[in-house]
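Subject: Structure handover

Dear colleague,

I am passing a structure on to you, and I would be grateful if you could look it over alongside the notes below.

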Amino acid sequence: MPNRTLLIAGNWKMNNDVAEAAKLADELAQALPEVPAGVEVLVCPPTIDITTVHDRIQAAPIALGAQNVYWEAKGAFTGESSCDMLKSAGCTYCIIGHSERRAMGETDADVNAKVLAALEAGLVPIMCCGETLEQREAGITDEWIAMQIKLGLNGVSEEKIRRVIIAYEPIWAIGTGRTATPDQAQEVCENIRAVVRKLYSSKNARAISILYGGSMNDKNAFELLAQPDIDGGLIGGASLVPEKFVEIINAANQPTA
Ligand code: PEP
């Protein structure tokens, strides 16, 4: 099995004003003077907090990401931020196509345009996919996820695919306290890797990172992160509580055998 780095990514969503974000960033920087070998830590604050968080975590081994991005470089796009703007504020990653944004109208075509723009600018896209409870119960999870991945990666070259991170986030598990079982999460992540293998190659499929997200916390992280096709977590609620987030990072560092 290839030695993929485990990425533990916090999605702060629309939480924390500037002062609160500074406090949380300080607490994380203090709690994480170093991170375990083979583990990378990322926080994705609201756009308004990015500069503040960047200043606070600069000396810590914590990367910075945005929760969204726009595909155009500049111009009359009120409320949006371009890849270069986010990079200039210190971001190296961006979440794209989170189900909460898709619920606000973001389409697979939008997700694809954002992924391509991020790659072009040198940001690492974390492209989210996931099924609803109805889709799972109808037995169409694999087809749905495969379609989201194919559409989201449309036009991504063989050279760039390894820089894409895919986050599997079952919608029924996000913010609900209802986590996919390790087996359920593994099954879909394995399928995602198979889709990448078909679209690209076995080598690329082995190299790409696939995260699980959906009510991951300090209690369930170890088992989820021990799955062979799960290369980290995208964490909402628990990333707002430093002790829990640090516990998840420690869980990523546990030997599995
Ligand atoms: C998320 O925001 O991507 C997420 C998985 O949230 P939560 O951990 O709160 O379910």
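Predicted model: local features only at pLDDT ≥ 70, side-chain atom pairs only at ≥ 80, totals over all residues.

Residues are numbered from 1 along each chain as its sequence is written, and side-chain values use heavy atoms, with hydrogens and water left out.

The ligand is surrounded by 14 residues, the closest being Lys-13, Glu-169, Gly-175, Ser-215 and Gly-236 (a residue counts if one of its heavy atoms lies within 4 Å of the ligand). A polar side-chain atom of Glu-169 lies 2.7 Å from a ligand oxygen atom, while a backbone N or O atom of Gly-236 lies 2.8 Å from an oxygen atom of the ligand. Taken alone, the ligand exposes 290 Å², and the protein buries 95% of that (areas by the Shrake-Rupley method with a 1.4 Å probe).

Most residues other than glycine have a negative phi. Ser-215, however, has a positive phi near 55°, and Asn-16 has one of about 85°. Asn-16 sits in the loop between strand S1 (6-11) and helix H1 (18-31), whereas Ser-215 is in the loop between strand S7 (209-213) and helix H10 (221-225) (helices are DSSP runs of H or I with at least four residues, strands runs of E with at least two, numbered from the N terminus). Ser-215 is buried, at 18% relative accessible area, and Asn-16 is partly exposed, at 23% (buried means under 20%, exposed over 50%, partly exposed in between, with a 1.4 Å probe and protein chains only).

With kind regards

Conventions: Polar contact = N/O pair within 3.5 Å; in protein donor to acceptor, adjacent residues only side chain to side chain.
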